[in-house]
Amino acid sequence: MAITVRIPTPLQRLTNGQGEVACEGKNVSDLLGDLDRRYPGVKERICDETGKLRRFVNVFVNEEDIRFLQGDQTAVKDGDEVSIIPAIAGG
Amino acid sequence: MALSKAQVARYSRQLILPEVGVSGQNRLSEASVLVIGAGGLGSPVLFYLSAAGVGRIGVIDADAVAWSNLHRQTLYETPDVGRPKAVVAAERIRRLNPEISVEAIEGRFDAANAKDLVSRWHMVIDGSDNFATRYLANDACVLANRFLVHGGVVNFQGQVMSVRPRQSACYRCVFPEPPAVGSVPSCQEAGVLGAEAGLIGSLMAHEALKAILGVGEPLLNRLVVFDGRLSRFREVPVRRNPDCAVCGEHPTINAIQSIESAPTCAG
Ligand SMILES: [Zn+2]
């Protein structure tokens, strides 16, 4: 078992076209590190140079926004589902 | 108000819905909606709202019809290229439904006109194509207490949510700040299939019609996310953020202010 991470469509070209990938980690920060090891380049699209989540990107752990939990220190465990959802402007 | 024979004929397929009927049709004709952006999302929104008989519709857009618009912006035809979108869109929906009143506003929705524009309509639908306008539309709707339907689409990804100011999460509650200038990556990811813009725009129109009619449950505190590669809709619960800059407990945005953000690849 691992943690399922849902990838926003523009980043799916970095995950070989997969909309959901399996990753591991104890918290969201770890998990994003593992995601970037498996699919290099994903993290810089989600986090800024200091490693903080970009302000127009939200991460949900089991449908709860991590801003209302413990941010990137929010704990995750096997079987959890994590969604990465950026604001989009196109019309 | 009783409906004319022509109205009964025109609206018959929605009139026979128990959720609509004559009283619902009257609610539609008494409604007024401002549509920001007459593009890929605005096209189906304007089409369905006017076709359904929404009595007063405003459409604001600063651009002219471009060749690159035609694959998704279904209000326009090839001979329209070069003409102002707001004007062409208004003409098109007036032909579709001459019974409604349509106001074309050629120009940008900006800090100077946002408050005034928003307060002249009951409801606002944001189908714009850039972050600065989206945050401005949200702030103006929260400050003027106008129901807002928000939708976005790009690169196989779509999102829709509605906002009932100070009762449900606003756009800023979910995404506190727009991307900084220079922080949004390349334009090569900015494409979209026309049908996906139509899908998201239709969902926005549906959301607006439902809200006017008081049918069912609006997308309040629910962000619908569409993954066009998987053809999968998901929904994430969102909630009001007590720290929200515009609708939180200690708002820092108390009047319309212009917004700096990275431009997106329009057109
Ligand atoms: Zn808010």
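Contact here means heavy atoms within 4.5 Å. Helices (H or I, at least four residues) and strands (E, at least two) are DSSP runs, numbered from the N terminus. Keep in mind that this is a predicted model, where local features need pLDDT of at least 70, side-chain atom pairs count only at pLDDT 80 or more, and totals for chains, interfaces and linings use all residues. As for bookkeeping, residues are numbered from 1 along each chain as its sequence is written, chains are lettered from A and ligands numbered from 1 in the order in which they are written, and side-chain values use heavy atoms, with hydrogens and water left out.

Look at chain B and find α3 (residues 42-52) and α4 (residues 85-96). From α3(B), the residues B:Leu46, B:Phe47, B:Ser50 and B:Ala51 meet B:Ala89, B:Ile93 and B:Leu96 of α4(B). Sorted by class, that contact has six nonpolar residues, one polar and no charged. The axes are lines fitted to C-alpha atoms, for helices over the stretch in contact, and the angles run from 0 to 180 degrees between N-to-C directions. Under 35 degrees counts as roughly parallel, over 145 as roughly antiparallel, 65 to 115 as roughly perpendicular, and the rest as oblique.

Now slide back to α1 (residues 5-15) and α2 (residues 21-30) of chain B, which pack at an angle of about 110° with their axes 10 Å apart. That makes α1(B) roughly perpendicular to α2(B). On the α1(B) side the contact is made by B:Tyr11, B:Gln14 and B:Leu15, and on the α2(B) side by B:Gly21, B:Val22, B:Gln25 and B:Leu28. Four of these residues are nonpolar, three are polar and none is charged.

Next, hop over to chain A. A:Thr9 sits in the loop between β1 (3-6) and β2 (20-23) of that chain. Is A:Thr9 buried or exposed? With a relative accessibility of 3%, A:Thr9 counts as buried; the cut-offs are under 20% relative accessible area for buried, over 50% for exposed and partly exposed in between (1.4 Å probe, protein chains only). Beyond residues up to four places away in sequence, A:Thr9 touches residues of chain B including B:Val154, B:Phe156 and B:Asp227. Its side chain also reaches the backbone oxygen of B:Asn155 at 2.6 Å.

Back in chain B, B:Arg172 belongs to helix α7 (residues 171-174).

Finish at B:Asn113, in the loop between β3 (101-106) and α5 (114-119) of chain B. B:Asn113 is partly exposed, with a relative accessible area of 22%, and its side chain reaches the backbone nitrogen of B:Asp110 at 2.8 Å.

Note on methods:
Nonpolar A, V, L, I, M, F, W, Y, C, P; charged D, E, K, R; others polar. Polar contact = N/O pair within 3.5 Å; in protein donor to acceptor, adjacent residues only side chain to side chain.
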